[in-house]
There are 2 protein chains.
Amino acid sequence: MGVTGPAGFRAAGVAAAIKGSGARDLALVVNDGPLDAAAGVFTTNKVKAAPVLWSQQVLTQRRLRAVVLNSGGANACTGSGGFQDAHATAEKVGQALGCGAIEVAVCSTGLIGERLPMDAVLSGVDSAANALGGHDQDAENAAEAVLTTDSRPKQVHLQRQGWSVGGFAKGAGMLAPNMATMLAVLTTDAVVEGAVLDSALRSATRVTFGRLDVDGGTSTNDTVLVLASGASGVRITEDELAAGLREASQGLVRQLQADAEGATKAVDITVRGAVSEQEAVHIGRVIAEDNLVKTALFGSDPNWGRIAMALGRADAKIDVDRMEILTNGVSLYADGAPQADRSDADLTGRDIEIVIDLHLGAEQATILSTDLSHAYVEENSAYSS
Amino acid sequence: MGVTGPAGFRAAGVAAAIKGSGARDLALVVNDGPLDAAAGVFTTNKVKAAPVLWSQQVLTQRRLRAVVLNSGGANACTGSGGFQDAHATAEKVGQALGCGAIEVAVCSTGLIGERLPMDAVLSGVDSAANALGGHDQDAENAAEAVLTTDSRPKQVHLQRQGWSVGGFAKGAGMLAPNMATMLAVLTTDAVVEGAVLDSALRSATRVTFGRLDVDGGTSTNDTVLVLASGASGVRITEDELAAGLREASQGLVRQLQADAEGATKAVDITVRGAVSEQEAVHIGRVIAEDNLVKTALFGSDPNWGRIAMALGRADAKIDVDRMEILTNGVSLYADGAPQADRSDADLTGRDIEIVIDLHLGAEQATILSTDLSHAYVEENSAYSS
């Protein structure tokens, strides 16, 4: 169960011939209420896709009846024509559902710089509206329709006391979101106001989608949306909501990390003993994005010298004589000198834990990342995506 | 001809058994005067190798009689013992040449986190001192002795009116120097003071070694040294010197770019129309380090959308509706919309030119980079380096 897990939601995923492959490529998620509260976080990239610009505008009202999503084209760098395409898609959904375009968010993913085949998109909206349903299969069809280089759909559903959170996400490359990643839609049947939803979503995504860094790439289309139907009748606090959204988001993020392009390792990088959480995040990202660290991990090589090199080029306070580097629990560098022999740290498994203890303060953060493999190079060089 | 091209210099490169392979691994460059002016620029990494800490100390005097360099070990993250090893190496050179350790710079390159085999290093110094000579072969032996994953020595020698500049460099990975790259030694027989040499070296390296960015990695050992013998008797201005050092440095940088680990493309990224040179450099580096851009280039794919994505995440002023993206002279994006079809830009050759015109100001900078290939992943995952 995914987005249709919480009461009050229907979904559909159809093949609209936007992609040449004939795979599902258009998804629709509809909130049947009684509430229509919504919130969103978007890419920090200065180059924003047309659907991001549209959805940001729409979300200022903190109300949504529906989200329409397509794969097969990012509709980014497409000028004013591209923006009109996003608008026309929302209008079409509004007509099909009997609501205004202003109540419809739009998300797109795929190649940057190409206009969408609008005939296919618009007739796809009709097909999707006709296919809407509240079953598991409908949620899965929607989750499948947004995939690009992903190998499988990513869904989540968690039950709370009388209410629940559901969702799906897509994303396999260009993954270093900043308060958002690629595309994700969360749903809940809790009774909450738009402002609370907004605040809870920001606090949840900051420590989940915002801590995944596969290749430093921040997409032009990154979007995380949450819709609340209120259909459970259960009123909850902002803390309860934030905790639920955080757990659901983290469930999706773990799936994104596991399915990242070419990844053969799931690498968790924890920076602790930092003077601020912000510095811990920054250092974790520098290590996560370092190709020499990533290729060593692909080779299962505990080459901590490359980690030390990456640490040293971070724009953060470090003390070479106090910092400590551990891989899979084995301390390899501390007190200014090498510790255990690097062969003591076995990195041959899929899960790798890197811990940096700066021994400077009490703050910490964990960045989720991957290795850099031949398959990453292959997937990203063999064709345009 | 390399470092021994200018009058007043001798060099040697010997096999000292620091490397297991039996290849040359210890180089010595000696300035026979009459002057002994010298200057250096060093890595900006906060984690600095012991030889960097030693050489920075020594260079405060702006005088050098000799430089000793080894491959086969970086002597970085080796604690106070490692610093004593660097000191002992300089002492040994001083004894062999009849000068003080304080007149000897030390450079190391290789794996981080291992102590050097000092018996091999110290007896290697004796062998090198005995092998010193002023012939082309001596310069080439020295250039060869500093190589790690490089496939060939990099040397330069350029003649001016009565004086000349020579040099060698090594570096194939971990290449994103900031005012310095890996190891390079420049020599000149011009008559110049240490302060002028220092200033000219900084201005030359800023726009040469400081503009090469292969993988974002800034080594713990990056060092560029220049030694002036005054043996030509020709006194020159700082401008003449800076121009000579710049041309020699650029000659070495082009060789580093061409021989970078796994590179199948030489990629020049020019950012023009920027509000400041600093922003142009920053944007160029973000594009140069972007794995999605780099893998597209490996695939000869003019996927300008990925360039736009990378541009948009740079911490710099951009205007999406004014910026322009060209590859190999073909404008692919301008005025907020796609221009020529991407297939019009042929990137199948080895040399690729990316131009970003921000249309915001008059400043510009060019970053030299490479693609990201299977061979890069292979070289950096298959063994520790």
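## Salt bridges between the domains of chain A

A salt bridge here is a side-chain nitrogen of Lys or Arg within 4 Å of a carboxyl oxygen of Asp or Glu. By that rule, the side chains of A:Asp268 and A:Arg254 form a salt bridge, with N to O at 2.9 Å, and the interface of domain 1 of chain A and domain 2 of chain A holds four salt bridges.

## Basis of the model

This is a predicted model, in which local features need pLDDT of at least 70 and side-chain atom pairs count only at pLDDT 80 or more, while totals for chains, interfaces and linings use all residues. Residues are numbered from 1 along each chain as its sequence is written, chains are lettered from A and ligands numbered from 1 in the order in which they are written, and side-chain values use heavy atoms, leaving out hydrogens and water.

## Extent of the domain interface

Chain A is divided into domain 1 (9-258) and domain 2 (266-381), with bounds that come from an automatic or database domain assignment. The area buried between these two domains of chain A is about 1300 Å², 40% of it from carbon and sulfur atoms; buried area is the accessible area (1.4 Å probe) that two parts lose on being put together, summed over both. A:Arg211, A:Asp213 and A:Gln257 supply 50% of the area that domain 1 of chain A buries against domain 2 of chain A, more than any other three residues.

## The setting of B:Thr220

At 1% relative accessibility, B:Thr220 counts as buried, a class defined as under 20% relative accessible area (1.4 Å probe, protein chains only). Leaving aside neighbours within four places in sequence, B:Thr220 has contacts (heavy atoms within 4.5 Å) that include A:Met309, B:Lys48 and B:Ile112.

How values were computed. Buried means under 20% relative accessible area, exposed over 50%, partly exposed in between (1.4 Å probe, protein chains only).
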